[in-house]
Amino acid sequence: MIVEPRPASPADGETASPARRSELDSIRVLVVVGLVFFHAALVFDASDDFYVRNAETTGASIVVSALGVVWAMPILFLIAGFGAWHSLRRRGPAGFTAERLLRLGVPLVFGTLTIVPVPQWLRLRADPGYHESYLAFLPRFFEARFDLAEFPFVLQGEHFETGHLWFMLLLLVFALMLAAVARWFPAGR
């Protein structure tokens, strides 16, 4: 995570690239490790419609789940916001947009095309009466309609979803909105 600029060297007359903030990276690592436990707890949560559910559930897992919802994702979004601010200052709105489309958009599209359909199909396969093959299911997964009322999740379908990549979609949408607003401000601001 980038936060403080290093002093400029006398030869170049410009500020060098900002130093990375290792404490923010450490917080991010701890939160991501915690999210592993968060998702493991969802398997035992009686009140959640997770992809997989254990035969025996408990209400105690709601404590772990609640901590993840209340603290984990907001912290990750906050740290991403710090990085976005510095990236926008360094690259400008156009460069920032291109960088975010590459770093978030490409993995989002790739994951949605290749990874996300699998758990949706496995959820259906949990029903003993469901016998459709994955290749037969795949076109049905991509049957989606555009619904602006569901912004930012504007593609809706019976089976279509962004799954665990929802955070990438939100980061990308927020970044593109930020870049659009930043174009109205003078270059140095």
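Predicted model: local features only at pLDDT ≥ 70, side-chain atom pairs only at ≥ 80, totals over all residues.

Modeller: Let's start with Asp-25, which forms a salt bridge with Arg-28, with 2.6 Å between the closest N and O atoms. Both residues lie in helix H1 (residues 22-42), three residues apart, about one turn of the helix. Arg-28 is partly exposed because its relative accessibility is 28%.

Biologist: How many salt bridges are there by this rule?

Modeller: The count comes to five. One of them joins Arg-21 and Glu-23, whose closest N and O atoms are 2.2 Å apart. Arg-21 has 22% relative accessibility, so it counts as partly exposed. Glu-23, at 37%, also counts as partly exposed.

Biologist: Which residues are linked with Arg-103 in a network of salt bridges?

Modeller: Glu-99 and Arg-100 are linked with Arg-103 in that network. Within it, the side chains of Arg-103 and Glu-99 meet at 3.0 Å, N to O. Both lie in helix H2 (residues 61-114), four residues apart, about one turn of the helix.

Biologist: Is Glu-99 buried or exposed?

Modeller: Buried, because its relative accessibility is 10%, and buried means under 20%. Arg-103 counts as exposed at 57%.

Biologist: And where is His-159 found?

Modeller: His-159 is in the loop between strand E4 (155-156) and helix H5 (166-182). At 9% relative accessibility, His-159 is buried. Its side chain makes a polar contact of 3.2 Å with that of Arg-140. Beyond its neighbours within four places in sequence, the contacts of His-159 include Gln-120, Leu-124 and Phe-137.

Notes
Residues numbered from 1 in each chain as written. Heavy atoms only, no water. Helix = DSSP H or I, 4+ residues; strand = E, 2+ residues; numbered from the N terminus. Buried < 20%, exposed > 50% of the residue type's maximum accessible area, 1.4 Å probe, protein only. Polar contact = N/O pair within 3.5 Å; in protein donor to acceptor, adjacent residues only side chain to side chain. Contact = heavy atoms within 4.5 Å. Salt bridge = Lys/Arg side-chain N within 4 Å of Asp/Glu carboxyl O.
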